[in-house]
Amino acid sequence: MTHPRKRSTSADVARAAGVSRTTVSYVLNNRPGEVIPEETRRRVMEASERLQYRANSSARALAAGRSDIVLLSIPDLPIGPSISRLVEELASSLAEHGLTLVTHLMAGQSRSLPDVCAAVGASSVLGFEAFDDDVVQAMQRLGVTVISPHNRGLLPSMAPLGRLQAEHVISRGHRRIGYLLPAEIKFRSMAEERLQGVAGACADAGVKPPLALASDMEIEDLVRPLGRWREASVTAVCAFNDEYAIALLAAMHHVGLRAPGDLAVVGADDIPMARFAVPALSTVYFDLQEAGRHRAEAVVADLGGGRPRSPSPTASLRLVQRSTT
C-alpha cells in the first residue's frame, strides 16, 4: 500500500529558500506594493517548485475572507457541444481571475445544493435555471456572498433564437410553419421559450401561429407529426435543436420526403454534426462562449465588491444557411 507523502508547507519553502514565511507569501501571492529582490524571488520560486508546494485553499480562503471556488449547478440536461462551450469559456474566464469552477450534476443526487455548496466552500453559485427562494436563503445563511443569478438562469433568453429560425424560413417564402418540441419534460421550459420566439416572428409577419407538435427522437415517433404537418400544409419546420432536426430529416427520408422541396427544416445550436447531415442542416449559431465570458465578469465584479452586472439579455446569434432551407 502506498501512503501519501507529507504535504509541503510555506514554512518548508521558507527554510529551503532561507527567507521568512512572510517573504514566501509576498512572492507566491504576488502581493502588490512589495519590493522583493529578484535573487530572493528566484530562490523562493525554485524552492516552491522543488518541494512541489501548493497553497492550502482553506488557509488562503481564511486570509482572503472567501474561497476561490465558483460552483456551477447543472440540472438534468444533456451536456452537448453548446453547453460544453459555455462551461469551458466560463471556467477559462474565471481562471484568468484566479477563480476555480466546480461543476455539480444535480440529476439523481440526494444532497441539496446548499449541502454541496458548504462541502466545497463555494463563494459563488451559478445555475442554468433560477434557484428557489428557500435555496437562495439557505446558501446566503452559509455565507455564500454571491448567488448569481437567482432570478434567471445562466443561459440568456432563448426567444430570440426561435425568432431568428422563423424569420429565416419566412424570408424564404414559407407561410405555414411547424415547430418540433421534444417530448421529454426536462427540455420543455427551454423549448417553449424558443417556441415563443417563433410565434412572435409569425405574428409580426402576419402568418398563422406555428403548429407545434411534440415527439421523442425516434424515427417511428417522428412520422406522426410529419403527417400532421403535411395535412396542415406546413412547408417549414423549426426544430428545438439540431439533434431533433437531424432526427426529423431521417424520418423524412424514411417516408420518402426531401428537404427543402417537401419540407424545409432549420435547427438550433449549430452542433458540429449539423454540416454533415444529409442534406446539410440550416441552423442558428448560438455564441454561448460570449455568455460564459459575460457571466464570469459578473461573478468577478460581485466578488470584488463592485457593481453587479446584469446578465446579457441575448447571446450573439447567427443564421447559418445550408441545404435544408
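This is a predicted model: local features need pLDDT of at least 70, side-chain atom pairs count only at pLDDT 80 or more; totals for chains, interfaces and linings use all residues.
Biologist: At what angle do α5 and α12 pack?

Modeller: Helix α5 (residues 81-95) and helix α12 (residues 288-303) pack at about 35°, and their axes are 8 Å apart. The crossing of α5 past α12 is right-handed.

Biologist: Which residues make that contact?

Modeller: On α5, the contact is made by Ser82, Ile83, Arg85, Leu86, Glu89, Leu90, Ser93 and Leu94. On α12, the residues are Leu288, Gln289, Ala291, Gly292, Arg293, Arg295, Ala296 and Val299.

Biologist: And how many of them are nonpolar, polar or charged?

Modeller: The residues of the contact between α5 and α12 comprise 8 nonpolar, 4 polar and 4 charged.

Biologist: Let us turn to the largest nonpolar core. Which members touch the most others?

Modeller: That core holds 65 residues, and Trp229, Leu248 and Met252 touch the most other members. Helix α11 (residues 242-254) gives the most to this core, contributing 7 residues.

Biologist: What does Met252 touch?

Modeller: Leaving out residues up to four places away in sequence, Met252 touches Leu226, Leu257, Arg258, Ala259, Leu263 and Val265.

Biologist: What does the second, separate core include?

Modeller: The second core has 11 residues, among them Leu71, Ala122, Phe131 and Val144.

Biologist: Now α8. How far apart are its end C-alpha atoms?

Modeller: They are 18 Å apart in helix α8 (residues 159-171). This agrees with expectation, because 13 residues at 1.5 Å a residue should span 18 Å.

Biologist: Which residues of α8 are buried, and what do they pack against?

Modeller: Leu161, Gly162, Gln165, Ala166, His168, Val169 and Ile170 are buried in α8. The buried residues of α8 pack against the strands β5 (177-182), β7 (236-239), β8 (264-266), β9 (283-286) and β10 (317-320), and against helix α9 (188-205).

Biologist: One last topic: where is Pro75?

Modeller: Pro75 lies in the loop between β1 (69-74) and α5.

Biologist: Is Pro75 buried or exposed?

Modeller: Pro75 has a relative accessible area of 16%. Buried means under 20%, so Pro75 counts as buried.

Biologist: Which residues is Pro75 in contact with, neighbours within four places in sequence aside?

Modeller: With those neighbours left aside, Pro75 is in contact with Met106, Phe128 and Glu129.

Terms used:
Residues are numbered from 1 along each chain as its sequence is written. Side-chain values use heavy atoms; hydrogens and water are left out. Axes are lines fitted to C-alpha atoms, for helices over the stretch in contact, and angles run from 0 to 180 degrees between N-to-C directions. Helices (H or I, at least four residues) and strands (E, at least two) are DSSP runs, numbered from the N terminus. A crossing is left-handed if the near helix is turned anticlockwise from the far one by less than a right angle, and right-handed if clockwise. Contact means heavy atoms within 4.5 Å. Ala, Val, Leu, Ile, Met, Phe, Trp, Tyr, Cys and Pro count as nonpolar, Asp, Glu, Lys and Arg as charged, and the others, Gly among them, as polar. A nonpolar core is a set of buried Ala, Val, Leu, Ile, Met, Phe, Trp, Tyr and Cys residues joined through side-chain atoms within 4.5 Å. Buried means under 20% relative accessible area, exposed over 50%, partly exposed in between (1.4 Å probe, protein chains only). The expected span of a helix is 1.5 Å times one less than its number of residues.
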